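Here is a short briefing on one protein model. Look at the sequence and structure first, then read on.

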Amino acid sequence: MKILVLTGSPHKNGTTSFLADEFCEGAEQSGHEVIRIDTAKLKINPCLGCNHCRRNEGKCIHEYDDMIEIILHLLTADAVVLVSPLYYFGLTAQLKTVIDRFYSVNSLLRESPKKLYLISAGADKDEWAMDGVRAHYETLCKYLNWKEGGTLLAYGLATREDAENSEYKVWANRLGMGVS
Ligand SMILES: Cc1cc2nc3c(=O)[nH]c(=O)nc-3n(C[C@H](O)[C@H](O)[C@H](O)COP(=O)(O)O)c2cc1C
């Protein structure tokens, strides 16, 4: 299977980058092709809602930014993994910007069966802290007609060291290994 991993943290070596590494290692061990794109490093403009894409066969007004690299992999991936730290109980703006840009290929994505995974981590330990990202994930699956592959919601991780010293490391690896 081809797995597209989209990370959304500005921290190159932070908490969620570490969990993404573990996931990718597990998925590669299971023989999958893994494409990882760290979206915060790219130049991706926000969707303007201008509907240029609707009038121009899916061509976005921002056709020369880095989103094209993601779209090409997105259209051919069997599974997509969203990886984000919790920012005000949601995904980071960097990752949300990428998701909004799905708009130009919206119909293609809804007709293309995929599995969606979510890995998120936050400093908070409250049981409700992940309610927002979980609901967003479930709603995205419903709308896009994609299957829920699985989630890793990691509580109480303020730093990479917290993640390294936690059981979430093993769970991220297992989630990757179990992609099918
Ligand atoms: C702008 C900002 C907003 C944050 N919002 C939350 C939050 O709502 N809930 C939470 O538990 N942690 C929050 N955090 C903490 C991060 O999610 C946490 O430190 C995480 O481990 C960072 O992951 P990263 O190193 O992959 O970026 C926030 C951090 C920042 C910088």
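Rings of Phe, Tyr and Trp (its six-membered ring) pair if their centres lie within 6.5 Å; planes under 30 degrees apart count as stacked, over 60 as edge-to-face and the rest as tilted. The structure holds 3 aromatic pairs. This is a predicted model: local features need pLDDT of at least 70, side-chain atom pairs count only at pLDDT 80 or more, and totals for chains, interfaces and linings use all residues. Residues are numbered from 1 along each chain as its sequence is written, and side-chain values use heavy atoms, leaving out hydrogens and water.

**Aromatic pair**
- The ring centres of Tyr168 and Trp171 are 5.5 Å apart and the planes are at 85°, so this pair is edge-to-face.
- Tyr168 is buried, at 14% relative accessible area (buried is under 20%, exposed over 50%, partly exposed in between; 1.4 Å probe, protein chains only).
- Trp171 is partly exposed, at 39%.

**Charges over rings**
- A charge sits over a ring if NZ of Lys or CZ of Arg is within 6 Å of the ring centre and within 35 degrees of the ring normal.
- The charged end of Arg54 sits over the ring of Tyr103, 3.8 Å from its centre.
- Arg110 has its charged end over the ring of Tyr143, 4.0 Å from the centre.

**Sheet**
- Strands (E, at least two residues) and helices (H or I, at least four) are DSSP runs, numbered from the N terminus.
- Two strands pair if DSSP finds at least two bridges between them.
- An open sheet of 5 strands has the order β2-β1-β3-β4-β5, with parallel pairing.
- Its edge strands, β2 (33-38) and β5 (147-154), each pair on one side only.
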